[in-house]
Amino acid sequence: MSEPARTADQSAPKPPGLRARMRAAVQAEVVEVAHRLFTEQGFDRTTVDQIAGEVGLSRASLFRYFGTKEEIVLGRLEESGRRIAEALAARPDDERSWEALRRAFDVLTQANEQAPEQTLAYLRMLQETPSLRAGHHEKQMRWQELLVPDIARRLGADPSHPEDTRPGALAAAALACLDVAATAWVACEGTVPLAVLLDRAMGAFTE
């Protein structure tokens, strides 16, 4: 084996260990059970003890996987934010920032098309539960932080000059359009595709 090959093998990321895989499996089961109960009973009427009992955990054990009941719902938003940021970074360098942002959101609209009823129930729960709305806002602020660096790169903005507000403004405006589209999608019970509503919302800035 050549030296370069050994180096490549050594630098390759190691797969998650058994403990990490077991933890991820339990978390996925908790999320699945919790979302079923939330859909059937409502978020506020579903207790942590009910969720723990369904998956065979104690209340204390469940809190070792999720710090709060809200985090069971909101945890998936962190992964969504990373996927959007990765999609944005993969867009062509010569594409306008606003268009690149719109296309990056395709990772959400396409996923929603695969399970629209489930996604509608999820978004409805976010919108109707005050504690979840607040947590959702915090998560989206993190999304904005993830998107700004690539937008700044596209604009040729210097990260050391915080007075250049263009990257933050574009990210915030795009996320606001996404929220407006999601709210409208829930209000119309999904009769108009989310992608169409998002096109309309973001298109308002280019008319």
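This is a predicted model: local features need pLDDT of at least 70, side-chain atom pairs count only at pLDDT 80 or more; totals for chains, interfaces and linings use all residues.
Trainee: What is the volume of the largest pocket?
Mentor: The pocket is an open set of grid points. Probe spheres set on those points fill its space. The volume comes to about 600 Å³.

Trainee: Which residues are the closest to the centre of the largest pocket?
Mentor: A lining residue has an atom within 4 Å of a pocket point. The largest pocket has 24 of them. The closest to its centre are Leu77, Asn112, Thr119, Tyr122 and Leu123.

Trainee: Which helix gives the most to the lining of the largest pocket?
Mentor: Elements giving two or more residues are helix 5 (69–90), helix 7 (106–114), helix 8 (116–128), helix 9 (130–155) and helix 10 (166–187). Six residues come from the top contributor. That is helix 8.

Trainee: Which residues lie nearest the centre of the second largest pocket?
Mentor: This pocket holds about 210 Å³ of space. Its lining has 13 residues. Nearest the centre lie His35, Phe38, Thr39, Ala121 and Tyr122.

Trainee: Where does the largest share of the lining of the second largest pocket come from?
Mentor: Helix 2 (18–41) and helix 8 each supply at least two residues. By class, the lining has five nonpolar, four polar and four charged residues. The largest share is six residues, from helix 8.

Definitions and conventions:
Residues are numbered from 1 along each chain as its sequence is written. Side-chain values use heavy atoms; hydrogens and water are left out. On a 1 Å grid over the protein atoms alone, a cavity is a set of points where a 1.4 Å probe fits but cannot get out, and a pocket is an open set with protein on both sides within 12 Å along at least five of seven lines; lining residues have an atom within 4 Å of a point. Helices (H or I, at least four residues) and strands (E, at least two) are DSSP runs, numbered from the N terminus. Ala, Val, Leu, Ile, Met, Phe, Trp, Tyr, Cys and Pro count as nonpolar, Asp, Glu, Lys and Arg as charged, and the others, Gly among them, as polar.
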